[in-house]
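Biologist: I have a structure open here and would like to learn how to read it. Could you take me through some of its features?

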Amino acid sequence: RLRSMHFVPGGSQKFLDKALASNADALIVDLEDSVAPADKLAARLEVSRWMETVDFGTKTCCVRINALDTDLWEADLVATLRVKRPDMYVVPKVSSREDIERIGAVLSRLEKSVGRPEGSVTLMPIATEVPQAPLRAHEIAAAPRVEAITWGAEDLGAELGVKRRKDDDGNWLEIFQLCRSLTLLAAKGAKVQAIDTVYIDLKDLKGCKKESDKAADSGFDGKMTIHPSQIDIANMAFSPTAEELKEANELLAAAEGQPGAFQWKGKMIDIPHLRQARRAIDRAVGLDIVEVAPKESPPAWPEGPHHGKWFEELTVGMVIPHALTRTVTETDNTLFTALSMNPAKMHLDYESAKKTQFGKPLVNSMFTVALLVGMSVLETTHGTTIANLGFEEVMFPKPVFIGDTIRAETEVLRVRPSGSNPDRGIVTFEHRAFNQVGDIVCKARRNAMMRRGPASKL
């Protein structure tokens with residue numbers, strides 16, 4: 001299982017210690033790109049010591065050697081192949097199956113010299129770093145010793161002379177997506193693990209998760225990582241969830257005794273679906289997957305208390321005085337007018353208002369009707385209405401000025417049971433607002449869909 005393959009710069013004890021304490025499935029001790037040319041020899045000697053003395057535990061120990069077009073790769077193998085470690089070599093810039101066979105021949109000699117069984121060391125070629133390699137990926141993946149195959153965009157991009165590798169949405173450009181797909185197909189064809197390339201933006205963990213999830217959805221088995229924060233993201237992406245594992249087990253149980261294709265949970269199931277379910281179960285072996293408890297539903301929102309009246313309590317001619325009153329302030333008028341984007345000077349400009357017949361600003365009439373309906377809610381529709389169906393008529397017999405105090409009352413004009421729903425009915429209200437001297441300043445007639453009361457009120 002190679003869900004996360006984490007790079008460790010060769011010779012850096014600090015980075016090795018951090019990586020050993022991580023949850024990475026495999027560590028790739030790097031002798032290639034992360035080591036400066038002047039430090040190659042010292043790094044190789046230190047990595048050689050690691051292979052003999054460091055306890056890698058259950059992690060797969062890998063070493064990335066230098067490319068075959070250098071004079072360093074064979075010395076890397078000689079220095080680092082020891083009795084127990086490494087388990088795998090990562091081979092950069094592979095261009096053909098012959099490259100793998102060439103390395104394999106050297107490894108066979110070295111395995112014999114240190115007393116290891118021939119073929120005990122496996123390989124993971126990076127199969128897309130040179131232009132001639134991607135179309136040979138299937139041959140490379142099928143070569144002896146290959147346990148996994150991966151791809152890379154950085155070196156290939158340099159070879160091609162590209163300006164960039166991803167588009168503005170973070171998706172690989174076509175040539176790189178092609179290489180990625182060829183690597184995946186080659187791995188699956190050769191029945192080896194497909195490992196996705198690194199995500200180089202260390203601060204963009206959301207992007208790393210998105211790319212890891214997409215790779216897992218596509219069939220990749222794991223991902224290479226270059227920062228500790230990416231390791232758990234990769235492990236999660238390439239592990240089945242408890243829900244997926246449960247469904248896989250249920251599907252295989254349902255398939256018992258079925259002679260062929262069958263229906264299950266509304267889907268047609270055949271051999272590919274069963275193979276996928278078995279793969280999910282196989283990938284879960286050795287993992288501590290905790291079944292996630294069903295998400296608790298939020299508590300039911302309380303229905304009460306109800307201060308309004310039920311449909312059957314409202315009778316034609318009933319007049320309901322409202323307890324709430326309100327003195328209108330300048331802030332009320334200015335804020336409401338601004339929120340409703342009304343630029344009329346009669347509401348906002350004292351100097352212009354002086355020239356009108358009123359001699360001072362008028363309170364926005366839309367505020368007045370909103371205030372009236374709001375004041376009416378407590379004793380009429382609070383908790384008992386289903387919907388406001390609309391206004392038949394709104395009138396403003398007198399203006400409202402800043403400093404006026406408003407009170408309200410409501411009269412029931414009509415009631416009609418619903419023809420389609422016996423638990424409700426339609427009521428026509430007339431709401432009336434009065435100022436402090438008793439003048440009606442607003443009258444609004446509206447229709448509301450009202451609930452019938454519970455059985456105890458009937």
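This is a predicted model: local features need pLDDT of at least 70, side-chain atom pairs count only at pLDDT 80 or more; totals for chains, interfaces and linings use all residues.

Biologist: Which residues have the most contacts inside the largest nonpolar core?

Modeller: In soluble globular proteins, nonpolar side chains tend to be buried together. A nonpolar core here is a set of buried Ala, Val, Leu, Ile, Met, Phe, Trp, Tyr and Cys residues joined through side-chain atoms within 4.5 Å. Buried means under 20% relative accessible area, exposed over 50%, and partly exposed in between, with a 1.4 Å probe and protein chains only. The largest core has 57 residues, and Met51, Val63, Leu77, Tyr89, Ile103 and Leu107 have the most contacts inside it.

Modeller: A disulfide is a covalent bond between the sulfur atoms of two cysteines. The rule used is a pair of cysteine sulfur atoms within 2.5 Å, and by it the count is zero. Take Cys61: its closest cysteine sulfur, in Cys62, is 6.6 Å away, which is too far for a bond. Cys61 is buried, at 0% relative accessible area, and Cys62 is buried too, at 0% relative accessibility.

Biologist: How do helices H8 and H9 cross?

Modeller: Two packed helices are described by the angle between their axes and the distance between the axes. Helices are DSSP runs (H or I, at least four residues), as are strands (E, at least two), numbered from the N terminus. The axes of H8 (residues 205-218) and H9 (residues 228-237) come within 9 Å and cross at roughly 30 degrees. The two are therefore roughly parallel, a term for angles under 35 degrees. Among the residues that meet are Leu205 and Cys208 in H8, and Ile233 and Ala237 in H9.

Biologist: Is Arg451 buried or partly exposed, and what does it contact?

Modeller: Arg451, in strand S16 (residues 440-451), is partly exposed at 34% relative accessible area. Its contacts beyond four places in sequence include Trp310, Phe311, Asp423 and Arg424. Phe311 is 140 residues away in sequence, yet the C-alpha atoms of Arg451 and Phe311 are 5.6 Å apart.

Biologist: And where does Arg326 lie?

Modeller: Arg326 lies in strand S12 (residues 326-327) and is partly exposed, at 33% relative accessibility. Asp332, Leu371 and Asp404 are among its contacts.

Key:
Residues are numbered from 1 along each chain as its sequence is written. Side-chain values use heavy atoms; hydrogens and water are left out. Axes are lines fitted to C-alpha atoms, for helices over the stretch in contact, and angles run from 0 to 180 degrees between N-to-C directions. Angles under 35 degrees count as roughly parallel, over 145 as roughly antiparallel, 65 to 115 as roughly perpendicular and the rest as oblique. Contact means heavy atoms within 4.5 Å.
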